[in-house]
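Look at the model first.

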Amino acid sequence: MKKKVGLITYHASHNIGSMLQTYALQYILNKQFNCDVEIINFSSKAQANMYSIFPKVNNLNTLVKNGINLLAYPIVKARFDDFERFINKHFTLTANSYDELKQLDNLDGYYDYLICGSDQIWNVNCTDFDDAYFLPFAPNTPKIAYAPSLGGQNILKSNIDLDKYKKYLKEFKALSVREVNGKKWLEELSNEKFEIVADPTILVNRDVWEKLATPREFEGDYIFFYGVPFSPITYDIVMEISKKLNLNVVMMDAKSWLYKGNFLKGIKLSKASSPSDYLSLIKHSKLVITTSFHGSIFASIFNKNFWTVTYKETNLDDDRVKTILTQLEMPERLIYLEEYQDYDLLEDIDYSNYEQNIKLFQEKSLNYLQDAFKES
C-alpha cells in the first residue's frame with residue numbers, strides 16, 4: 001500500500017538548487033519508496049516578495065533594482081515565468097496554497113508521514129525562513145527531516161527562542177542534516193542524534209537529469225559561471241580566467257547580468273533560465289566555475305571539469321561547500337579566488353571512482369529513509 005507523504009521545502013523559491021532538490025526528493029520518494037507524494041504548497045509572504053519581479057521598496061537599493069527591472073521587464077518577466085512553469089509542470093502540489101503557519105493545522109493526520117527538507121529550510125536567519133519548516137502544525141503525524149541545511153549559520157548563536165526549536169526537534173521520528181556543522185549545532189541544541197545524508201539531487205541518477213535537460217543552446221566550448229558572487233570583483237576574476245583559457249563565459253542569472261553590468265564585460269546570457277536550462281548549460285560546458293553547493297553537485301554528476309570558488313574570509317562557519325566536496329571526494333576542487341593564478345584551471349578531474357563513491361553515499365542515505373518509514 002502506498003504511503004501518503006506530505007513534503008515541505010523551498011519548492012517555490014525561484015532558485016535552481018531549491019527547485020532541483022525538490023524535484024529529486026519527490027522523484028525518489030515516488031520511485032524508490034512507492035510513496036504518494038504531495039508538496040505542501042507553502043510559501044510565506046516574505047518568500048513571495050523576495051522572488052517577485054517588483055519587491056516592496058524598503059531601501060534605495062530595492063528602488064534602483066525595481067527601476068532596472070522595469071526597464072528590462074521582458075527579460076525579467078520571462079525568467080520569472082520559466083520558474084513558475086517548472087513548478088506547475090514538475091511538482092505535485094496540494095490543492096490549497098498556504099502563506100501562514102496557522103493555515104497548516106488541518107494537515108495533521110492527513111498524511112501518513114510529513115517530511116521537511118532539503119535546502120536551507122532550517123536557516124533561521126533566512127529572509128524567507130518560517131517555523132512551518134519544523135512541522136510544528138502536526139503533533140500527531142510521524143515527522144522525518146531529510147537533509148535540511150542551516151546554511152552555515154550557527155543556530156546556537158542566533159537571536160531566537162532556542163527552547164522552542166528544541167521542542168520542535170524532539171517531536172521528530174527521524175532526524176538528519178546535510179552538513180557536518182549542522183549536525184554538531186543541532187545535536188548540541190536538542191540532545192538528539194542526527195544523521196548526515198546526501199542532498200536529494202545526489203540520489204537521482206544522471207540519466208534522469210539528462211532527460212530533464214533542454215537541448216544545447218551555445219555551440220563551441222564555454223565556461224558556465226553560476227552562483228552568488230562574494231564581491232563585485234568575482235566577475236572580473238572570472239573574466240580574467242576566460243581570457244587566460246580563451247573561452248567565452250555564459251551565465252543565466254538575468255538580474256546579476258543586468259545589475260552588475262555583466263553585459264558590458266562580454267558575458268553571454270542564456271535565453272532561458274529554468275532548472276532544465278541550467279542542467280543543459282552544465283552538461284554542454286567545457287568548464288564550470290561556481291560558488292554554489294548545487295553547482296558543484298551537478299558539475300560532478302555530468303563529469304565536468306569544475307572549480308568551486310570562494311574567498312578566504314568568507315563565513316568560516318559555512319561548511320556547505322567543503323562538506324559536499326568531501327562527500328564527492330573532490331576537496332581539491334575548492335580554490336580561493338585570491339590564488340586562482342596558482343591553479344591549472346584546465347586540470348582534468350579523475351572520475352574513475354566517482355560512481356562507486358556516490359553509490360555508497362546513496363545507499364547510506366536511502367537506508368536512512370527506509371528506516372524512517374519503518375513502524376515504531
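Buried means under 20% relative accessible area, exposed means over 50%, and partly exposed lies in between (1.4 Å probe, protein chains only). The model is predicted: local features need pLDDT of at least 70, side-chain atom pairs count only at pLDDT 80 or more, and totals for chains, interfaces and linings use all residues. Residues are numbered from 1 along each chain as its sequence is written, and side-chain values use heavy atoms, with hydrogens and water left out.

Q: Is Glu100 buried, partly exposed or exposed?
A: The relative accessibility of Glu100 is 28%. That value places Glu100 in the class partly exposed.

Q: How far apart are the closest N and O atoms of Lys102 and Glu100?
A: A salt bridge is a side-chain nitrogen of Lys or Arg within 4 Å of a carboxyl oxygen of Asp or Glu. Lys102 is exposed, at 61% relative accessibility. Lys102 forms a salt bridge with Glu100, and their closest N and O atoms are apart by 3.6 Å.

Q: Which residues are linked with Glu100 in a network of salt bridges?
A: Side chains of opposite charge can pair when their charged atoms come close. Here the network links Glu100 with Lys45, Asp99 and Lys102.

Q: Are Glu179 and Arg178 buried or exposed?
A: Their side chains meet in a salt bridge, 2.6 Å from N to O. Both Glu179 and Arg178 are buried.

Q: What is the N to O distance in the salt bridge of Glu195 and Lys193?
A: Glu195 is partly exposed, with a relative accessible area of 29%. Lys193 is exposed, at 59%. The side chains of Glu195 and Lys193 meet in a salt bridge, with an N to O distance of 3.7 Å.

Q: How many salt bridges are there?
A: The rule asks for nitrogen and oxygen within 4 Å. By this rule the salt bridges come to a count of 19.

Q: Where does Asp344 lie?
A: Helices (H or I, at least four residues) and strands (E, at least two) are DSSP runs, numbered from the N terminus. Asp344 lies in the loop between strand E13 (334-336) and helix H15 (354-372).
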